[in-house]
Structures are given as C-alpha cells and as structure tokens.
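Dear colleague,

I am passing on the structure below for your files. My notes on the sheet, the core and the chain contacts follow it.

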Amino acid sequence: MTALAEFRAVGFAYPASAKYRARPFRLANLSFAIAPGEIVGVIGPNSSGKTTLIRLLTRVLEPGEGEIALEGKRLRDWGRAALARRIAVVPQGVSRDFPFTVEELVLMGRYPHAPGRYFENPADVRAARAAMDATGVLDLAPLALASLGGGETQRAIIARALAQEPRLLVLDEPTAHLDLRYQAETAALLRRLNRQRGLTVLLVSHDLNLAAEVADRLLLLADGRVARLGAPAEVLDESLIASVYGCAVRVDTDAGTGPPRVRLLYGRGVAGHV
Amino acid sequence: MSPQGRLALVLGGLVGLLVAVAAAALFLGSAAISPGAVIGAVTGRAAAESVERVVTLSIRLPRIAVAALAGGALAVAGVAFQALTRNPLAEPSVLGISGGAAFGVVIGQSFGLGLTVVEAVGLTGFAFAGALLAAAAVYLIAAVGRAAIQIQTLLLAGVIVGIFFASAITVIISLLDFNRLGGVIHWLLGNLAPIPPGALGLFALLLAAGFGLVLSHARELNLLALGEESAQQLGVNAERLKLMIFTGAALLTASVVAFAGPIGFVGLVVPHTLRMLLGPDNRLLVPTSLVGGAIFLLVADTVARNVVAPAELSVGVITSFCGAPFFVYLLRTRYRGTL
C-alpha cells in the first residue's frame with residue numbers, strides 16, 4: 001500500500017533572521033512515511049522539530065533538502081486549496097480576541113472546497129453541521145468561540161478541521177492546556193474518528209502517555225533527527241527516553257497488553273545531565 | 001437568518017437611508033433656496049442660468065457625490081486595514097497612511113498639479129506613493145526584528161509617522177508661495193468642494209478598483225483572523241492576500257486624500273457601528289461599509305455646511321469630533337481586554 005504522506009531525507013534550517021524562532025535550528029535527513037488509516041504520534045523534547053515538521057507537511061515552509069510527497073505526488077506540485085482538502089491542521093488554539101461564532105469558525109473549514117465562492121452553499125452548511133455533531137459542539141454553534149471553555153474550544157477547532165473533510169488530520173499539542181477529563185475526551189475522539197471513518201492522524205504531543213495510548217506508531221525526534229520510529233513499546237524505552245529528554249523515567253506496561261506508561265522519576269538525573 | 005439574508009436586509013435599509021439623506025442634503029445649504037425651487041431645478045423646470053439651478057445641480061449635487069464616494073471608500077479602507085493588521089483600531093488616519101498620502105499630494109500640488117483629469121492622475125500617483133512611504137515606515141518601526149506585530153506598537157508607529165508627515169507638510173507650506181497652495185489649509189481638514197465632472201469620473205473609477213480588490217477577498221479576510229499560518233493551511237495564499245488588500249486599501253485612501261483631503265476616523269466609526277449590528281463577518285462588513293460610510297460623510301458634510309452658515313466648517317472637523325470620542329469608547333470598553 002502506498003504511503004499517504006512521506007518525508008524523504010528532508011532537511012531544513014531556519015534562515016538567520018528567523019521569523020519563527022530566535023535560535024538556530026535545523027532538521028536533518030528526516031525520513032518516515034504515514035500509511036493510510038494509521039495514527040502516528042510525534043514526540044520529542046522542546047525544539048526537537050515537531051512544529052517544524054507540521055509546517056513542512058502543510059507547505060508553510062519549504063524543505064531545504066529532500067522532498068515530501070502526498071499521495072505519491074510532490075508537495076510543491078499541490079495547490080494550496082487541494083492540499084487543504086487532504087490535510088487539516090488543528091492548531092494549539094486561536095487568539096483570545098477571535099470574534100467569530102463556533103458555526104462561523106467551522107464553516108471556514110469549507111473554504112478549500114470552493115475558494116471562489118462568496119458565501120457557503122447549503123452543502124457546506126450540512127458538512128459543517130456534521131463536523132460539529134461529530135465533536136459534540138452542535139449545540140454551541142451560535143455561541144462566540146471566545147465565550148467557550150478550553151475543552152469546548154478544542155472540540156470546535158477540531159470540528160473546523162473535520163469540515164475540511166481531510167484524509168489526514170494533524171494535531172499540534174491538542175491537550176496542552178486541557179485538564180484530565182478533556183485529555184481523555186480528546187483521546188477517545190481521535191480513536192473514534194480513526195476507527196469509524198478511517199481518518200489518518202498525525203498527533204504531535206508533549207504527552208508521552210497520550211501518544212502511547214492513541215498511536216499505532218511513535219516517531220521520537222531529538223535535535224531535528226529521528227531518534228526512533230516504531231510501536232510505542234519499542235520507542236518508549238527507558239534508556240532511550242532518558243538520554244533524549246535528559247531525565248530519569250520508569251516505563252511500566254500494564255498486564256503485558258495495554259500501552260506502556262511513562263513515569264517521571266523526580267530528582268533523579270541521568271549521567272551527564274542534571 | 002442566513003448571512004445572505006442579513007446582508008440583503010441591512011444593505012437594502014442602508015441604500016434607502018442613503019437616498020433619503022442625499023435628497024435632504026440637496027435641500028440644505030447656505031444659499032437660501034426654497035424647496036420648491038430645488039425641485040424645479042432637479043426636474044429641469046428652472047431657467048438654465050438661474051441661481052437655484054447652478055446651486056442645486058453644479059454645487060450641491062457634485063458635492064453630495066464626492067461626499068458619498070469619499071465616505072464609502074474610507075469606511076471600506078478601515079475594514080480592510082482592521083482585518084489586515086488584525087487590529088480593531090486600525091484605520092487610514094490612525095495608521096499614518098492618510099498623512100503619508102497628504103504629504104504626497106502637497107508635493108504634487110507644489111509642482112502645480114490640479115484637478116484636470118490628467119493632473120488628477122498625477123496627483124493620485126503622488127498620494128499613492130506617499131501612502132506606500134508611510135506604510136513602509138510604520139511596518140519598519142513596528143515589525144522588523146519581531147516575531148509578531150504588537151497592536152500597541154503598530155498604533156504608536158502609525159501615530160508617530162502621522163505626526164512626522166504633518167510636520168513635513170507644514171515645512172513645505174511654509175517654504176512655498178502661499179497663494180499657490182491657498183486651498184491647502186482647508187483641504188488638509190477635508191474639503192468636499194465640487195470637483196470637475198471628468199475628475200469625478202476618474203475618482204469613482206479608482207474607488208471602484210480599490211473596492212473590487214477588497215470585496216473579492218472578503219472571505220479570505222475572515223480566515224486571516226485565525227492567524228496567517230492557519231489561513232495558509234486552509235488554502236489561502238497569505239502573502240498574495242496581504243498584498244491585494246493593502247493595495248486596495250491604500251488606493252482607496254490615496255484617492256480620497258487626493259480628491260477630498262485626509263478626512264479622519266470614518267474608517268473607524270462606520271465599520272465598528274456596523275460590527276455591532278452585523279457581527280465580525282467581513283463579507284457583510286465590506287459592502288455595508290461602502291453605503292454606511294457614504295451616509296456618514298454625507299451627514300457630516302451637510303452639518304459642516306450648515307452649522308455655522310454662511311461660513312463653513314471643514315468636514316474633517318465633524319468626523320474628528322465624532323471619531324475621537326468613539327476611539328476612546330472602543331479603547332475603554334469593547335477592546336479593553338485585548339489592548
């Protein structure tokens with residue numbers, strides 16, 4: 001089966017007058033593929049290249065070396081709108097002063113399906129309502145997004161991405177600002193979308209346990225390189241995690257069947273680290 | 001109600017109001033002409049060289065047209081700059097763009113350019129160059145070396161650039177023969193004096209081009225509220241969008257400054273009033289601001305012409321008297337949390 005998206009020896013360095021970050025950073029020789037229907041979790045410390053990877057995959061940035069392919073076609077040969085019909089991104093949030101309602105936000109996800117249209121047509125409205133229904137925010141449709149709580153805002157933003165009707169859903173730290181209940185909800189929602197619709201998911205997260213819980217495979221990045229790619233049990237290795245993150249951890253596997261659990265051992269540094 | 005329905009309803013109401021206000025403005029003025037005589041002039045029953053005919057058709061009617069065009073253009077430019085900078089208080093005069101355009105016009109006038117059609121093209125060119133200069137200065141001050149433009153920094157940069165160009169204009173006026181720039185003082189506060197029909201046609205054409213650029217990208221402007229990166233990931237070519245919107249808004253501003261002077265605050269008062277009525281959707285705000293701006297400036301000009309008759313106030317005085325308190329109101333209430 002051909003890959004849905006594939007990075008082939010991709011290298012990238014931010015220019016000296018960095019627009020996005022202050023200090024120099026580069027990705028080097030990054031190769032991996034996302035198969036249709038799978039959930040891939042991307043983990044790694046701060047500045048390991050997780051957000052850059054999303055920007056490259058969505059053509060916000062162009063790779064300096066190598067190439068990225070979507071459905072076998074080079075990314076640069078895709079038009080922006082066509083790309084947005086295949087890949088939808090759930091960003092970390094929207095600005096505090098975002099003035100639109102939930103329904104208006106979700107309808108924005110219909111833009112790539114007819115960029116020349118001034119108003120959305122009834123089919124767009126139906127697609128938006130289906131997306132809101134899928135994430136449970138249909139009742140909130142007329143409310144201003146700024147008036148919602150963290151978990152509801154997150155579900156509204158995911159609904160906007162679903163309204164794009166993508167093949168690949170990319171989430172950037174979806175649980176960064178959410179409490180435990182919404183973390184569990186988000187995990188359940190992603191699994192349901194994956195199983196019921198065959199939606200392919202790329203989940204970028206700081207939360208190792210969420211990634212291990214949801215993902216079929218994990219991609220561990222360290223300093224812009226692939227440290228390991230494989231099943232959660234292979235990647236969440238005590239010594240590997242310790243060396244990449246620079247702190248001591250314990251990995252437990254419950255009853256040999258469930259996903260591995262990473263536990264931080266506070267105050268116990270690793271050799272060479274504090 | 002669907003957005004289409006709300007647009008049709010509000011736009012219809014505004015067009016009706018504009019017609020009523022324009023008709024009323026035709027009857028009001030410092031020359032005492034009876035309503036019957038005005039009707040006579042409009043319906044063609046007045047003698048060709050009669051006072052009522054000249055006043056009604058050659059003075060009041062062209063003035064109404066200039067006021068409506070300039071007001072609509074400034075309001076649309078306000079919506080465009082607000083969406084482009086994601087700053088609710090952005091507006092051509094607050095951002096210093098009007099000041100830069102005025103500087104360009106004064107330079108053009110010092111070369112002797114007037115309002116014949118050919119010269120008016122040159123004058124608008126000078127105004128557009130001045131607007132670009134001011135925008136570049138504001139951008140350099142507010143954006144270079146920063147990851148994101150802060151709202152406060154952008155506003156301060158705009159105010160500073162505006163002050164600088166106001167001083168530069170004063171220098172040029174001081175250096176030149178005052179007779180050559182006799183109308184400048186009046187023009188600097190906004191002068192909607194009738195302009196020749198050829199120039200009026202050119203003015204309308206330039207505004208149509210600027211309005212078309214903004215209107216055709218109204219949906220993308222909504223997406224820009226998500227941030228540039230998210231807009232790109234939804235299929236918007238953000239760089240091209242910003243260029244198109246900036247060009248359209250600068251063209252609207254520069255044309256108004258060249259033909260009627262740097263009238264302030266229209267781009268703030270009108271879009272925000274409509275936002276309270278219609279919400280944040282730029283697809284509704286752009287067309288309704290065109291008509292709403294026309295109404296606002298027409299009312300302001302009619303007040304300016306009549307409140308101290310037989311003398312006349314500059315229309316910019318009226319818009320500033322409305323706009324400055326409105327700016328403070330927005331600052332203290334609606335955008336308190338974000339500024």
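Two strands are taken as paired here if DSSP finds at least two bridges between them. Please keep in mind that this is a predicted model.

On that basis, Phe7(A) has Ile68(A) in β4(A) as its bridge partner. The strands concerned, β1 (residues 5-13) and β4 (residues 65-70) of chain A, pair in the antiparallel sense over five bridges. They belong to an open sheet of four strands in chain A, with antiparallel pairing and the order β2-β1-β4-β5. At its edges stand β2 (26-34) and β5 (73-74) of chain A; each has a single partner strand, so one side of each is left without a neighbour in the sheet. Helix α1 (residues 50-57) of chain A lies across β1, β2 and β4 of chain A and runs at about 115° to β1(A).

The largest nonpolar core has 185 residues, and those touching the most other members include Val106(A), Leu203(A), Ala70(B) and Ala127(B). Helix α3 (residues 51-85) of chain B gives the most to this core, 18 residues. Domain 1 (5-235) and domain 2 (237-274) of chain A both contribute to this core, so it lies between them. Leaving aside residues up to four places away in sequence, Ala127(B) touches Ala101(B), Gly104(B), Val105(B), Ala254(B), Val257(B) and Ala258(B).

As for the chain contacts, 23 residues of chain A are in contact with 20 residues of chain B. On the side of chain A that touches chain B, the largest share, four residues, comes from α2(A). The residues of that side are 16 nonpolar, two polar and five charged.

Regards

Notes: Residues are numbered from 1 along each chain as its sequence is written. Chains are lettered from A and ligands numbered from 1 in the order in which they are written. This is a predicted model: local features need pLDDT of at least 70, side-chain atom pairs count only at pLDDT 80 or more; totals for chains, interfaces and linings use all residues. Helices (H or I, at least four residues) and strands (E, at least two) are DSSP runs, numbered from the N terminus. Two residues are in contact if their C-beta atoms, placed from the backbone, lie within 7 Å. Axes are lines fitted to C-alpha atoms, for helices over the stretch in contact, and angles run from 0 to 180 degrees between N-to-C directions. A nonpolar core is a set of buried Ala, Val, Leu, Ile, Met, Phe, Trp, Tyr and Cys residues joined through C-beta atoms within 7 Å. A residue is buried if 20 or more other C-beta atoms lie within 10 Å of its own, exposed if 12 or fewer, and partly exposed in between; C-beta atoms are placed from the backbone. Domain bounds come from an automatic or database domain assignment. Ala, Val, Leu, Ile, Met, Phe, Trp, Tyr, Cys and Pro count as nonpolar, Asp, Glu, Lys and Arg as charged, and the others, Gly among them, as polar.
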